[in-house]
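Work through the two exercises below with the sequence and the 3D view open. Each task is followed by a solution in steps.

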Amino acid sequence: MPRVPAVAVGDRAVHGWNPAGYAALLGVPYAAATQLPPRELARRMDRILESAQGLVSRFDERQLDVIPPERKRSIRDLGFHIFRVGLSFIDTMDQGRMPDTWFEERAPAGMQGGGDVARWGALVRARIAGWFEGARDDEFERVLEIYYGPQGAHDLLERTAWHCAQHLRQLYWFIGKMGVTPEAPLTDADLKGLPFPAAVWS
């Protein structure tokens, strides 16, 4: 297996994000949840990124330098990563492929304060919104080459939305530890239908 995610049983394996394939490999029943439509997923992802933009702007430089024991990236890099994950969907649709190196990127040297990260997030949101405005519905039927294996565009969009949401939950965790109440936090309705992990750190 070149990279995770993957499940192996003996000499059999299923590579890539493939819950149905994992269930078949393990011999357990599986019923996929109803998937949100692409345009709704796009709306949810923008709401998630909007929340991240407002949240990360509240961290000062000292707080952004903190590297939590749960991860090997600083809070600054975590904030940057949320927007990079969102942007990765557009880059993949443009290029037809997603290398794993995109998720290893860190905040550039000039991105010091929370405001710097938030401003870049605003640019990312604008690019994503522009892409969806011009996208045809059949774009979401494409199959893309992802570092963990082929994946449909609709599935990748769902994965991207919940990936962003999962990291936003981690930012909420940090700001809660500092005793700061987030402004306009996400509601259950914003996250309903996104199949992200139950645990904040997973």
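**Exercise 1. The cavity**

Solution. The model is predicted.

Step 1. The space in the largest cavity is about 50 Å³.

Step 2. The lining of the largest cavity consists of Val85, Ser88, Met98, Phe103, Tyr148, Leu156, Arg159, Thr160 and His163.

Step 3. Sorted by class, this lining has 5 nonpolar, 3 polar and 1 charged residues.

Step 4. At least two lining residues come from each of helix H4 (75–95) and helix H6 (153–177). H6 contributes the most, with 4 residues.

**Exercise 2. The aromatic rings**

Classify the aromatic pair of tryptophan 131 and phenylalanine 132, then the pair of phenylalanine 132 and phenylalanine 140.

Solution. 

Step 1. The whole structure contains 10 aromatic pairs.

Step 2. For tryptophan 131 and phenylalanine 132, the centre-to-centre distance is 5.0 Å and the angle between the planes is 85 degrees. Planes over 60 degrees apart count as edge-to-face, and this pair is edge-to-face. Both tryptophan 131 and phenylalanine 132 are buried.

Step 3. The ring centres of phenylalanine 132 and phenylalanine 140 lie 6.0 Å apart, and because their planes are at 15 degrees, the pair is stacked. The cut-off for stacked is under 30 degrees. Phenylalanine 140 is buried, as is phenylalanine 132.

Step 4. Phe132 and Phe140 belong to one aromatic cluster with Phe89 and Trp131.

Methods:
Residues are numbered from 1 along each chain as its sequence is written. This is a predicted model: local features need pLDDT of at least 70, side-chain atom pairs count only at pLDDT 80 or more; totals for chains, interfaces and linings use all residues. Side-chain values use heavy atoms; hydrogens and water are left out. On a 1 Å grid over the protein atoms alone, a cavity is a set of points where a 1.4 Å probe fits but cannot get out, and a pocket is an open set with protein on both sides within 12 Å along at least five of seven lines; lining residues have an atom within 4 Å of a point. Grid points are joined across faces, edges and corners, and a volume is the space filled by probe spheres set on the points. Ala, Val, Leu, Ile, Met, Phe, Trp, Tyr, Cys and Pro count as nonpolar, Asp, Glu, Lys and Arg as charged, and the others, Gly among them, as polar. Rings of Phe, Tyr and Trp (its six-membered ring) pair if their centres lie within 6.5 Å; planes under 30 degrees apart count as stacked, over 60 as edge-to-face and the rest as tilted. Buried means under 20% relative accessible area, exposed over 50%, partly exposed in between (1.4 Å probe, protein chains only).
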